Amino acid sequence: MRIHQILCGAAAASLLAFSVAAQDGQATVQDGQYGQALSQILTEARAGTCSDLMSAGVQLACQRRIESIAATLERFGPVQSITFVKAEERSGRIVETWVVGFAEGRTMTWVIGGLHDGQFSTAFSEDA
């Protein structure tokens, strides 16, 4: 099943490395600033919930498709790794691209960014 632009928007980059706990395991995150937030968004979506880390517009898009999003993420299994790919400026904002690896062996490319007042205006998958 293809997940395309599940959630919408842009992210700030940094060269900080950190680890983030993922549901049912430990996901590895290196570089970039929003890997931990992406892990939380995916973990919550897998459980059928649209994260409070999403802006109102992104939450609305998420709520319209959360059943299919949750089913897909459940089928892929827990997040096993989150790998920073790049950061770039889009429309005056920084967005980060990440490759997410799942326990089932699948990977997805995700874009996250546009952090404002603790919420992201961009969070979507480029593929399934």
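This briefing looks at helix α2 and its surroundings. The model is a predicted one. Helix α2 spans residues 56-76 and has a kink of about 70°, centred on arginine 65. The helix crosses α1 at roughly 105°.

- The kink in α2 is centred on arginine 65 and comes to about 70°.
- Buried residues of α2 include Val58, Gln59, Ala61 and Cys62. Further along, Ile66, Ile69, Ala70, Thr72, Leu73 and Phe76 are buried too.
- These buried residues pack against helix α1 (35-46). They also pack against three strands: β4 (93-102), β5 (107-113) and β6 (122-125).

**How α1 meets α2**
- The two helix axes come within 7 Å and cross at roughly 105°. Angles from 65 to 115 degrees count as roughly perpendicular, so α1 is roughly perpendicular to α2.
- On the α1 side, the contact involves Leu42, Ala45 and Arg46. On the α2 side, it involves Ile66, Ile69, Ala70, Leu73 and Glu74.
- The contact residues divide into six nonpolar, two charged and no polar.

**The nonpolar core**
- The largest nonpolar core has 26 residues.
- Those with the most contacts inside this core are Leu38, Leu42, Leu73, Val100, Phe102, Ile112 and Phe120.
- Two or more residues come from each of α1, α2, β3 (79-90), β4 and β5.
- In soluble globular proteins, nonpolar side chains tend to be buried together.
- Leu42 and Leu73 are among the residues with the most contacts in the core, and both also take part in the contact of α1 with α2.

- Methionine 54 lies in the loop between α1 and α2. Its relative accessible area is 1%, so methionine 54 is buried.
- Methionine 54 and leucine 115 are 61 residues apart in sequence. In space, they are 8.9 Å apart, C-alpha to C-alpha.
- Serine 55 also has its place in the loop between α1 and α2. Buried means under 20% relative accessible area, so serine 55, at 17%, counts as buried.
- Leaving aside residues up to four places away in sequence, serine 55 touches Gln119, Phe120 and Ser121. Phe120 is also one of the residues with the most contacts inside the largest nonpolar core.

Key:
Residues numbered from 1 in each chain as written. Predicted model: local features only at pLDDT ≥ 70, side-chain atom pairs only at ≥ 80, totals over all residues. Heavy atoms only, no water. Bend = angle between axes of the 7 residues up to and from the residue. Helix = DSSP H or I, 4+ residues; strand = E, 2+ residues; numbered from the N terminus. Buried < 20%, exposed > 50% of the residue type's maximum accessible area, 1.4 Å probe, protein only. Contact = heavy atoms within 4.5 Å. Axes fitted to C-alpha atoms, helices over the stretch in contact; angles between N-to-C directions. Parallel < 35°, antiparallel > 145°, perpendicular 65-115°, else oblique. Nonpolar A, V, L, I, M, F, W, Y, C, P; charged D, E, K, R; others polar. Core = buried A, V, L, I, M, F, W, Y, C linked by side-chain atoms within 4.5 Å.
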